[in-house]
Amino acid sequence: MPSHSTDQPIPASGRRLCGSRFFIHTFGCQMNKNDSEHMAGLLLGAGAEEVPSAEDSDIILINTCAVRSKSVNKVYSLLGRLKRIKQASQGVQIAVTGCVAQLHRDEIQQRYPYVDLIVGPDNYPALPEMLGKSRLRPQTATAWHSGWQEIRTGYRAKGISGFVTIMEGCNNFCSYCVVPFTRGREKFRPASQILEETQELAAKGYREVQLLGQNVNVYRDPDQGSGFPALLRELGRVRGIAWIRFITSHPRDFSHELARAMKEVPQVCHQLHLPIQAGSDDVLRAMNRGYTRSEYLERIDMLRSLMPDIALSTDIIVGFPGESGQDFEDTLRVLAEVRFANIFSFHYSPRPRTASARTLPDSVPREEKKRRLMLVQSLQKQIQLEMHRALKGRSLEVLCMGPSKKDGSVYTGRNAANQVVNFSAPRDPTGTFVRVEITGYGPYSLKGKLDP
Ligand code: SAH
Ligand code: SF4
Ligand code: F3S
């Protein structure tokens with residue numbers, strides 16, 4: 001596959017989207033957000049222009065997520081609404097990309113025949129060419145490629161915190177998860193490309209990078225064979241990048257060596273997202289997670305003994321098939337025991353092709369799932385309030401991301417622990433590291449004022 005770069009002049013044949021205006025609507029995870037940025041770069045490189053609303057555009061690109069049935073329904077209802085736009089103007093092209101495109105290609109074609117283009121995550125480099133072709137008749141691209149496919153366009157916007165994908169796909173097959181069917185098997189990006197992209201971000205003024213992958217811990221450089229700890233050490237040498245974070249880690253693959261690299265590379269934030277999913281060994285086994293509750297807790301102990309200030313976050317699924325009241329209590333106990341700085345919690349959603357959906361009845365009633373989710377969230381809210389209260393009066397280092405959306409005189413940023421800090425400041429500190437004195441808090445954010 002060719003790599004797209006604007007370092008070389010674009011041949012006339014490459015400017016096939018000249019005069020087109022595009023709008024991208026992104027659902028889903030950070031990887032989708034990052035993919036959307038790169039797809040925007042591809043379209044800009046082919047001569048198209050980005051516009052701020054679907055109504056003003058003639059290419060509407062919807063980058064989709066399939067992780068839960070709710071995420072798919074959101075896409076379908078948007079596609080339903082777009083029918084009107086398409087009827088009003090045949091010149092408008094609708095492209096569906098991402099995980100729903102990969103998983104539900106046939107269903108999209110049947111239910112929304114006015115969709116012009118369906119492209120799965122492994123086929124983005126072909127996007128500009130296919131948009132040209134789909135003016136004549138609908139196109140699809142959902143084939144798998146075995147190796148890493150580089151998309152670098154040189155069209156990256158200015159920013160403060162940037163995503164850098166280091167691997168894509170997953171070989172774990174957690175029994176509930178559709179991602180191995182939407183992103184395919186693990187593919188690792190060459191470290192040289194990761195380093196180059198990080199250097200480019202630094203040169204554009206970015207101060208933080210977030211390394212992305214479904215399971216970053218198993219990263220191996222396809223050229224040199226070196227692993228993830230070595231990559232962190234290498235990225236720690238990029239001048240200008242002050243903070244490095246990464247998502248997602250799998251507890252089974254989280255090694256002592258990686259924890260040591262986190263401790264020793266000063267740029268790596270003492271912050272880790274380590275999804276536990278459930279607190280009961282029976283449920284973890286049925287989920288095919290590959291660790292027990294006590295193995296997970298041992299990892300946490302190891303991390304906290306190396307980095308006593310580490311902030312941990314996690315994902316929780318409630319109402320997995322067969323989850324008893326006792327199993328659920330085990331999840332609540334883990335939350336109380338670990339005291340995560342933040343959690344993302346979901347009720348179980350059976351997904352096509354997954355082992356749990358094929359073999360286990362969705363046995364926990366909807367109302368009970370809702371009740372369990374509420375209990376998880378209210379316990380966690382209490383924990384976060386307590387943790388935030390302890391920070392009152394403290395001065396924290398914060399990377400300012402810009403004015404807050406609600407109030408332009410208030411700025412928002414994050415600290416090394418990835419907590420959101422909203423603060424007042426007499427001057428605009430966007431893009432810089434500042435010290436903020438914490439004067440108040442809620443369950444989901446901290447409040448403060450700039451330390452003079
Ligand atoms: N390792 C992945 C996880 C992706 S999915 C990564 O790249 O981040 C993010 C979270 O969604 C999972 O950790 C899990 O908690 C939740 N999830 C995945 N499949 C789900 C399902 N079928 N029902 C409910 N939640 C699910
Ligand atoms: Fe899904 Fe499990 Fe892979 Fe994460 S590790 S993407 S939850 S299969
Ligand atoms: Fe969703 Fe695909 Fe990300 S299913 S969570 S957009 S990898």
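**Exercise 1: Placing the ligand**

Domain 2 (158-269) and domain 3 (274-390) both give residues to the shell around ligand 1, so the ligand lies between them. Keep in mind that this is a predicted model.

Task: Find out how many residues surround ligand 1 and which are the closest.

Solution: 
- Step 1. Count the shell: 14 residues surround ligand 1, and Y176, T248, Q277, D315 and S349 are the closest.
- Step 2. Sort the shell by class: you get five nonpolar, six polar and three charged residues.

**Exercise 2: Polar atoms at the ligand**

Task: Work out which atoms of ligand 1 lie 3.1 Å from R68, 3.0 Å from Y176 and 2.6 Å from D315.

Solution: 
- Step 1. Start with R68: an N or O atom of its side chain is 3.1 Å from an oxygen atom of ligand 1.
- Step 2. For Y176, go to the backbone, where an N or O atom sits 3.0 Å from a nitrogen atom of the ligand.
- Step 3. Finish with D315, which has a polar side-chain atom 2.6 Å from an oxygen atom of the ligand.
- Step 4. Now check the cover: of the 550 Å² of accessible area that ligand 1 has on its own, the protein covers 84%.

**Exercise 3: Strands around β1**

Task: Do β1 and β3 pair in the parallel or antiparallel sense?

Solution: 
- Step 1. β1 pairs with β3 (residues 59-64) in the parallel sense, over five bridges.
- Step 2. For one example, take T26, whose bridge partner in β3 is N63.

Methods
Residues are numbered from 1 along each chain as its sequence is written. Chains are lettered from A and ligands numbered from 1 in the order in which they are written. This is a predicted model: local features need pLDDT of at least 70, side-chain atom pairs count only at pLDDT 80 or more; totals for chains, interfaces and linings use all residues. Side-chain values use heavy atoms; hydrogens and water are left out. A residue is near a molecule or strand if one of its heavy atoms lies within 4 Å of it. A polar contact is a pair of N or O atoms within 3.5 Å; within protein, one must be able to donate a hydrogen and the other to accept it, and residues adjacent in sequence count only if both atoms are side-chain atoms. Accessible areas come from the Shrake-Rupley method with a 1.4 Å probe; for residues, only the protein chains shown count as cover. Ala, Val, Leu, Ile, Met, Phe, Trp, Tyr, Cys and Pro count as nonpolar, Asp, Glu, Lys and Arg as charged, and the others, Gly among them, as polar. Domain bounds come from an automatic or database domain assignment. Two strands pair if DSSP finds at least two bridges between them. Helices (H or I, at least four residues) and strands (E, at least two) are DSSP runs, numbered from the N terminus.
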